[in-house]
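I'm opening my notebook on this one.

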Amino acid sequence: MEKIIEVNNLVKEFNGFRAVDNISFSVAKGEVFGFLGPNGAGKSTTIRMLTTLIRPTSGQAKVAGYDIATQAAKVREQIGLVAEKIILYDRLTALENLMFFGSLYHLPRKETKERAINWLKTLEMEKWANKLTGTFSTGMKQRVNIARALLTKPEVMFLDEPTLGLDPQTSRSIRDFIKELHAQGVSVILTTHIMPEADELSDTIAIIDRGKIIALDTPTNLKARIQKEKPTLEDVFLELTGHDMREETHENIPSARGRHFLGSKSRIR
Ligand SMILES: Nc1ncnc2c1ncn2[C@@H]1O[C@H](COP(=O)(O)OP(=O)(O)OP(=O)(O)O)[C@@H](O)[C@H]1O
Ligand SMILES: [Mg+2]
């Protein structure tokens, strides 16, 4: 099995708080790797490290054969990232946005334009190419955002909650698009809170909780662990991560310390 990502003992601490706690895993070339976990589990932090946006506190990782710490520029050439926040300029059209990002990525103009139009077509956004993105719905913006991440023809795509806040139609089209990428041999790292989505798309699933990987297997094998008729991935997820909701912030984060005013025993009535 050829590996496109190899992670060894990766740690990220924020002011002494371990957001990612010594994780190790690998992703096979060409697979869709579902990276699941409750709020605050460490998914986005891991993705930020693997996409070279933040530096690990310790540990190593290789993406497409390059070390994320010592060969960050090489890593960036191989990857595409759809992060939690959509980055587009409202006062530019869809195509202008893509041309602008193409220039940031040092792509030739002609090639950028061809690729941009091609991706806009695939994502059913072609007729909006010359409209200002500021007028777009979230779903339309996300489709342009995905086209943006694909401009460099990445070997590895990181999709951090790509269907967050999208209607069923747009979510469906994005899921179909992920299958299309898969069929083209692109390796995909996908985070989502939508369990049927993860189940449908992923070849392998990793579940991270409180910074640690607590399960890593195929969806089928994970579901086989549950003693019930027709188990779902949600059953697996809740079985492994429990039913307690997660605190959104952590006490060790300075900006969250004001929360102590409420007292640890306070309850909303
Ligand atoms: N820049 C930062 N400074 C301090 N703490 C941070 C920072 N980024 C993330 N954290 C903390 O690290 C933990 C993991 O956050 P992360 O964003 O990776 O979670 P996540 O799994 O992506 O969650 P979600 O499903 O809510 O997106 C959280 O406790 C978060 O508050
Ligand atoms: Mg996140």
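I started at Val63, which I found opposite Tyr66 in E5. This is a predicted model, so I'm reading computed positions here. Val63 belongs to strand E4, residues 58-63, and two bridges join E4 to E5. The two strands run antiparallel.

Then I followed E1, residues 3-14, over to E2. This pair is antiparallel too, with nine bridges. Glu13 sits opposite Arg18 in E2. The hairpin of E1 and E2 has two residues between the strands, and in it Asn15 takes a positive phi near 50°.

Putting the strands together, I got an open sheet of four in the order E2-E1-E4-E5. E2 (17-28) and E5 (66-67) are at the edges with a single partner strand each, so one side of each has no neighbour in the sheet. A reminder to myself: side chains in a regular strand alternate between the two faces of the sheet.

On to the helices. I looked up H3 (residues 94-104) and H5 (residues 138-150), which pack with their axes 10 Å apart at an angle of about 25°. Angles under 35 degrees count as roughly parallel, so that is what I call H3 and H5. Their crossing is right-handed.

Who touches whom? On the H3 side I listed Ala94, Asn97, Leu98 and Phe101, and these meet Val144, Ala147 and Arg148 in H5. By class, that contact has five nonpolar residues, one polar and one charged.

Terms used:
Residues are numbered from 1 along each chain as its sequence is written. Chains are lettered from A and ligands numbered from 1 in the order in which they are written. This is a predicted model: local features need pLDDT of at least 70, side-chain atom pairs count only at pLDDT 80 or more; totals for chains, interfaces and linings use all residues. Two strands pair if DSSP finds at least two bridges between them. Axes are lines fitted to C-alpha atoms, for helices over the stretch in contact, and angles run from 0 to 180 degrees between N-to-C directions. Angles under 35 degrees count as roughly parallel, over 145 as roughly antiparallel, 65 to 115 as roughly perpendicular and the rest as oblique. A crossing is left-handed if the near helix is turned anticlockwise from the far one by less than a right angle, and right-handed if clockwise. Two residues are in contact if their C-beta atoms, placed from the backbone, lie within 7 Å. Ala, Val, Leu, Ile, Met, Phe, Trp, Tyr, Cys and Pro count as nonpolar, Asp, Glu, Lys and Arg as charged, and the others, Gly among them, as polar.
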